[in-house]
Amino acid sequence: MSIPPESSSLAAQLLAVSGVAEIFPPSSPIAQLSTLAAGVLTRSTIRAGLVEVTHTPGGTRITAKIAATAAQPARETGRRVADALLAEAEPGTAVTVQIVRIS
Amino acid sequence: MAVTENAPTTLDCGKTIEELSAYLAAGRTPPDPDIDRCPECLSALDGLDHVAQLSRELIIRDIGLQLAPPESWITTIITNIAQDVRSGRSLPLRHDNPAVTLSVTEGAVRALVWSVGDAIDGVVIGRCRIDGDAETLDAPVQVTITASILWGRSPQDLSELLRSRVHEALRKHTDLLVTAVNIVIDDLHKASPESEDPA
């Protein structure tokens, strides 16, 4: 059984993906607190960081919010980021990538 | 830059345009990580920076010109920036793995349109709207851009240039099925020093 990826190592890998300008926290600090509180209630484990890794009884979800450079097609950058996360994730992991800025 | 007290200028993240204007005026110092790590704030700062530059040019050119814009013009643009940088809807992007949910925020796309317009000499974007079921892949959408253009320039030429560049940018960066890019020229503004004919 593989070890679930850590948020910090995933963030470092994503920054190396071509076309990624920046990684943003998945949610605002206030929203992160709410999420953590909700995690206690639902018995899920959330590793806070630039890339959010959530473990629930239903499976693992990795969430990343990125800024893409305008020099490259943002949609292609997003696909590369998703592929990079899938490559590190356990089978069955759901991956969510949102481009929040194109600069 | 003055911002009217009644203008809805609070972003979804809680920061206000007034705070961001002050931060910009202070040269983004001391660094505020809440702003520097927020995509909405960064997009708003880009827009405010452009408006600030435009304001300086208008002030410099104010003497001797007859087309002084109303004070509300800049304020309206600033208010629109606050509206357009909001995250809005999640616009899906294609990925062949069903375990992947890939999207771009509506706010990022609108900010992209603003940056495309800002790069065209003589065009100032006022508002950008995406109409249609943009949250569904392959659903047709229309983009409507309200803009001001430089006094003396051809509205038809600038509109066509803006339309083609926006269409190109949306095709490059998104998976939106854009069936039309509508340009509404609703104002004229004065010449900037760089664009003035020296003759």
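The model is predicted. The contact between the chains draws on 21 residues from chain A and 24 residues from chain B.

**Chain A: overall fold**

- Chain A contains three helices and five strands.
- Read from the N terminus, the elements of chain A follow the order α-β-α-β-β-β-α-β.
- Of the 103 residues in chain A, 36% are buried.
- Among contacts in chain A with a separation of 6 or more, 68% join residues 24 or more positions apart.

**Chain A: packing of α1 and α3**

- Two packed helices are described by the angle between their axes and the distance between the axes.
- For α1(A), residues 7-15, and α3(A), the angle is about 140° and the axes are 10 Å apart.
- The crossing of α1(A) past α3(A) is right-handed.
- From α1(A), the residues A:L10, A:Q13 and A:L14 take part; they meet A:V81, A:A84, A:L85 and A:E88 of α3(A).
- By class, this contact comprises five nonpolar residues, one polar residue and one charged residue.
- An α-helix has 3.6 residues a turn, so residues three or four places apart point the same way.

- β5(A) is largely enclosed by the rest of the structure, because eight of its nine residues are buried.
- A:A67 is placed opposite A:R101 of β5(A).
- Across the chain boundary, β5(A) pairs with β2(B), residues 100-105, again in the parallel sense and over five bridges.
- A:V97 has B:L102 of β2(B) as its bridge partner.
- In a regular strand the side chains alternate between the two faces of the sheet.

**The contact between chains A and B**

- Chain A contributes 21 residues to the contact, and chain B contributes 24 residues.
- On the side of chain A that touches chain B, the elements giving two or more residues are α3(A), spanning 74-88, and β5(A), spanning 94-102.

**Chain B: helix α5**

- α5(B) covers residues 106-118, and its end C-alpha atoms are 18 Å apart; this agrees with the 18 Å that its 13 residues should span at 1.5 Å a residue.
- The helix is mostly covered, with eleven of its 13 residues buried.
- Its buried residues include B:V109, B:L112, B:V113, B:W114 and B:V116, as well as the charged residues B:E106 and B:R110.

**Chain B: surroundings of B:L91**

- B:L91 is located in β1(B), a strand of residues 90-92.
- B:L91 counts as buried because it has 22 C-beta neighbours inside 10 Å, where the cut-off is 20 or more.
- Beyond its neighbours within four places in sequence, B:L91 is in contact with B:S103, B:V104, B:E106, B:V109, B:A134, B:E135, B:T174 and B:L176.
- B:L91 and B:L170 are 79 residues apart along the chain, while their C-alpha atoms are separated by 12 Å.

**Chain B: backbone features in loops**

- The peptide bond from B:T29 to B:P30 is cis, with omega near -15°.
- B:P30 belongs to the loop between α1(B), residues 17-25, and α2(B), residues 33-36.
- B:R28 is also found in the loop between α1 and α2 of chain B, and it has a positive phi of about 60° although it is not a glycine.
- The position of B:D138 is in the loop between β3(B), residues 123-132, and β4(B), residues 140-150.
- B:D138 is exposed, since 10 other C-beta atoms lie within 10 Å and the cut-off is 12 or fewer.

Notes. Residues are numbered from 1 along each chain as its sequence is written. Chains are lettered from A and ligands numbered from 1 in the order in which they are written. This is a predicted model: local features need pLDDT of at least 70, side-chain atom pairs count only at pLDDT 80 or more; totals for chains, interfaces and linings use all residues. Two residues are in contact if their C-beta atoms, placed from the backbone, lie within 7 Å. Helices (H or I, at least four residues) and strands (E, at least two) are DSSP runs, numbered from the N terminus. Two strands pair if DSSP finds at least two bridges between them. The expected span of a helix is 1.5 Å times one less than its number of residues. Axes are lines fitted to C-alpha atoms, for helices over the stretch in contact, and angles run from 0 to 180 degrees between N-to-C directions. A crossing is left-handed if the near helix is turned anticlockwise from the far one by less than a right angle, and right-handed if clockwise.
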